[in-house]
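Let's take a walk through this structure together.

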Amino acid sequence: MTIRDWDGVALIIGAGDIGKCMSDYLTNISPKLDVFVCGRNLKSQNTIYLDLENDHSFISFENQISLFNKPLRLVINTSGFLHSTHLKPEKRLSHINRSNIIKNFSINSIAPILIAKCIEKFIRPEFPFSYASLSARVGSIGDNRLGGWYSYRASKAAQNQFLKTLSIEWSRKFPLSIVSILHPGTCDTKLSKPYQSAVPKDKLFTPAQSTEYLINIISSQRPSDSGKFLAWDSSVIPW
């Protein structure tokens, strides 16, 4: 039985381009799943407020989950930080500053493991359960050949270690659970927009394309696949 047949609740963390596509796609293919988008500045139905940098918000988030009548079956974290008006990826050592490092780690490393901490008490060991979080190929230490992007690389590598460790613990507590660490490819979103010039056209995915690739991976995985770091095409990425 795949997630297309699951009966329960799915949470999509992050209301960006990929998050919205994930929500729409799952709503269409999984009629028994109640899909909720979690993030800030949400005005539509089936949404839950969550500020990933506010500990009190995580408490409220837990309280909202506790109100569901159906079991929690699927959580996909699509959130991520690369740049803002004031903070840019560091191309060289001289660009490093504390505020950039903290911001990257807050969203890309700390938030994914805090999400896991929140949802753990709602996982039912008798049901298959999947927690997937978007990482990035540049978070691979073994695949780092160009340098630069210090905080983004390091924060994604830290997320990978957090979730790999989580997969080992959950394999003991919840034998039917799967933790997925996924690279969506370079996707045409606000996050990657300033850095797309060097990307070949056939390697720049729409959010819809990336969503379909990732949902197919999540759907096909088994508990023995938990903790793998995978690209959009199911290939294994070195740590």
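Which residues does Leu 11 touch, not counting residues up to four places away in sequence? Its partners are Phe 36, Cys 38, Ile 48, Phe 61, Ile 65, Phe 68, Leu 72, Leu 74, Val 75 and Ile 76. Keep in mind that this is a predicted model, so every value here is computed from predicted atoms.

The largest nonpolar core has 37 residues, and Leu 11, Phe 61, Ile 119, Tyr 131 and Trp 170 are the ones that touch the most other members. Helix H3 supplies the largest share of this core, with seven residues. Apart from this core lies another, made of 22 residues, including Trp 6, Tyr 25, Ala 132 and Ile 218.

Now let's turn to the sheet. Strands of a sheet pair through backbone hydrogen bonds, either parallel or antiparallel. Here you will find an open sheet of seven strands with parallel pairing, in the order E3-E2-E1-E4-E5-E6-E9. At the edges sit strand E3 (47-49) and strand E9 (229-231), each of which pairs on one side only. From one strand to the next, the twist averages 25 degrees.

For a detailed look at one pairing, find strand E1 (residues 8-13) and strand E2 (residues 33-39), which run parallel and share six bridges. Gly 8 stands opposite Leu 33 in E2, and the bridge partner of Val 9 in E2 is Asp 34. Is E2 enclosed or open to the outside? Six of its seven residues are buried, so E2 is largely enclosed by the rest of the structure.

Next come the helices. Helix H5 (residues 207-220) lies across strand E4 (72-77), strand E5 (129-134), strand E6 (177-183) and E9, and runs at about 155 degrees to E6. Within helix H5 you can pick out Ile 215, which is buried, with a relative accessible area of 0%. Leaving aside neighbours within four places in sequence, Ile 215 is in contact with Ile 3, Met 22, Tyr 25, Leu 26, Ile 29 and Ile 76. The C-alpha atoms of Ile 215 and Phe 174 are separated by 21 Å, and these two residues are 41 residues apart along the chain.

Helix H2 (residues 55-65) and helix H3 (residues 98-119) make another contact to explore: their axes come within 10 Å and cross at roughly 35 degrees. The crossing of H2 past H3 is right-handed. On the H2 side, Asp 55, Phe 58, Phe 61, Glu 62 and Ile 65 take part, meeting Ala 111, Leu 114, Ile 115, Cys 118 and Ile 119 in H3. Sorted by type, the residues of this contact are eight nonpolar, two charged and no polar.

Finally, have a look at some backbone angles. Most residues other than glycine have a negative phi. Trp 149, though not a glycine, has a positive phi of about 55 degrees. Trp 149 belongs to the loop between E5 and helix H4 (150-173) and is partly exposed, with a relative accessible area of 23%. Ser 234 is not a glycine either, and has a positive phi of about 75 degrees. Look for Ser 234 in the segment after E9, where it is partly exposed, with a relative accessible area of 44%.

Technical notes:
Residues are numbered from 1 along each chain as its sequence is written. This is a predicted model: local features need pLDDT of at least 70, side-chain atom pairs count only at pLDDT 80 or more; totals for chains, interfaces and linings use all residues. Side-chain values use heavy atoms; hydrogens and water are left out. Axes are lines fitted to C-alpha atoms, for helices over the stretch in contact, and angles run from 0 to 180 degrees between N-to-C directions. Helices (H or I, at least four residues) and strands (E, at least two) are DSSP runs, numbered from the N terminus. A crossing is left-handed if the near helix is turned anticlockwise from the far one by less than a right angle, and right-handed if clockwise. Contact means heavy atoms within 4.5 Å. Ala, Val, Leu, Ile, Met, Phe, Trp, Tyr, Cys and Pro count as nonpolar, Asp, Glu, Lys and Arg as charged, and the others, Gly among them, as polar. A nonpolar core is a set of buried Ala, Val, Leu, Ile, Met, Phe, Trp, Tyr and Cys residues joined through side-chain atoms within 4.5 Å. Buried means under 20% relative accessible area, exposed over 50%, partly exposed in between (1.4 Å probe, protein chains only). Two strands pair if DSSP finds at least two bridges between them.
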